[in-house]
Amino acid sequence: MLYTVGEIAKILHIPASTLRYYDKEELLPLVERSKGGIRMFSDKDYEWLKVIECLKKSGLSIKEIRTFIDMVGRGDYSLSERLALFRSPDTPTPKGMGFLIT
C-alpha cells in the first residue's frame, strides 16, 4: 500500500514537515514519487519511519541516524559498528533506556 505525506504523518502522529525533512536528509532514500512528484510512502518506508523515531528517542542525531541507516545497508557486516554507535560515550542514553545496550 502507498501513503501520501499527510496520510503517513497522521498514522505516525508527526508533522508532515518532519517527513519532508527526513526525505530531504536522505533518511528514506527509496521514497517513491507519483507522476505529479508527490511523495508516496510504502509499508517498508513506514517501518523505517518507526525505526527513525525510535533512534531519535534514543538520543541519536539526524547525522547519526543517517550513519546507522548506511550501516544497515551494509548488512550484518556492520553489526558491531551499530552496537558501538549506541555504546559511544557521545551518544546520550535517555533514563530508563539503558537496558537496550547492556
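Biologist: Which helix gives the largest share of the lining of the largest pocket, and how many residues is that?

Modeller: A pocket is an open set of points on a 1 Å grid over the protein atoms alone, with protein on both sides within 12 Å along at least five of seven lines, and lining residues have an atom within 4 Å of a point. Here the largest share comes from α4, with four residues, while α3 (43–57) and α4 (62–73) each supply at least two; helices are DSSP runs (H or I, at least four residues), numbered from the N terminus. This is a predicted model, in which local features need pLDDT of at least 70 and side-chain atom pairs count only at pLDDT 80 or more, while totals for chains, interfaces and linings use all residues. Residues are numbered from 1 along each chain as its sequence is written, and side-chain values use heavy atoms, without hydrogens or water.

Biologist: How much space lies in the largest pocket, and which residues are the closest to its centre?

Modeller: The largest pocket holds about 230 Å³, a volume being the space filled by probe spheres set on the points. Among its 13 lining residues, Pro29, Leu30, Lys44, Asp45 and Trp48 are the closest to the centre. By class, the lining has seven nonpolar, two polar and four charged residues, where Asp, Glu, Lys and Arg count as charged, Ala, Val, Leu, Ile, Met, Phe, Trp, Tyr, Cys and Pro as nonpolar, and the others as polar.

Biologist: At what angle do α4 and helix α5 pack?

Modeller: Two packed helices are described by the angle between their axes and the distance between the axes. For α4 and α5 (residues 79–87) the angle is about 160 degrees and the axes lie 9 Å apart, so these two helices are roughly antiparallel (an angle over 145 degrees). Glu64, Phe68, Met71 and Val72 of α4 make the contact (heavy atoms within 4.5 Å) with Glu81, Arg82, Leu85 and Phe86 of α5. That contact has five nonpolar, no polar and three charged residues.

Biologist: At roughly what angle do the axes of α1 and α2 cross?

Modeller: The axes of α1 (residues 5–12) and α2 (residues 16–24) come within 8 Å and cross at roughly 110 degrees. That makes α1 roughly perpendicular to α2 (65 to 115 degrees). In this pair, Val5, Ile8 and Ala9 of α1 meet Ala16, Leu19 and Arg20 of α2, and the contact comprises five nonpolar residues, one charged and no polar.

Conventions
Axes fitted to C-alpha atoms, helices over the stretch in contact; angles between N-to-C directions. Parallel < 35°, antiparallel > 145°, perpendicular 65-115°, else oblique. 1 Å grid on protein atoms, 1.4 Å probe; cavity = no way out; pocket = protein on both sides within 12 Å on 5 of 7 lines; lining within 4 Å.
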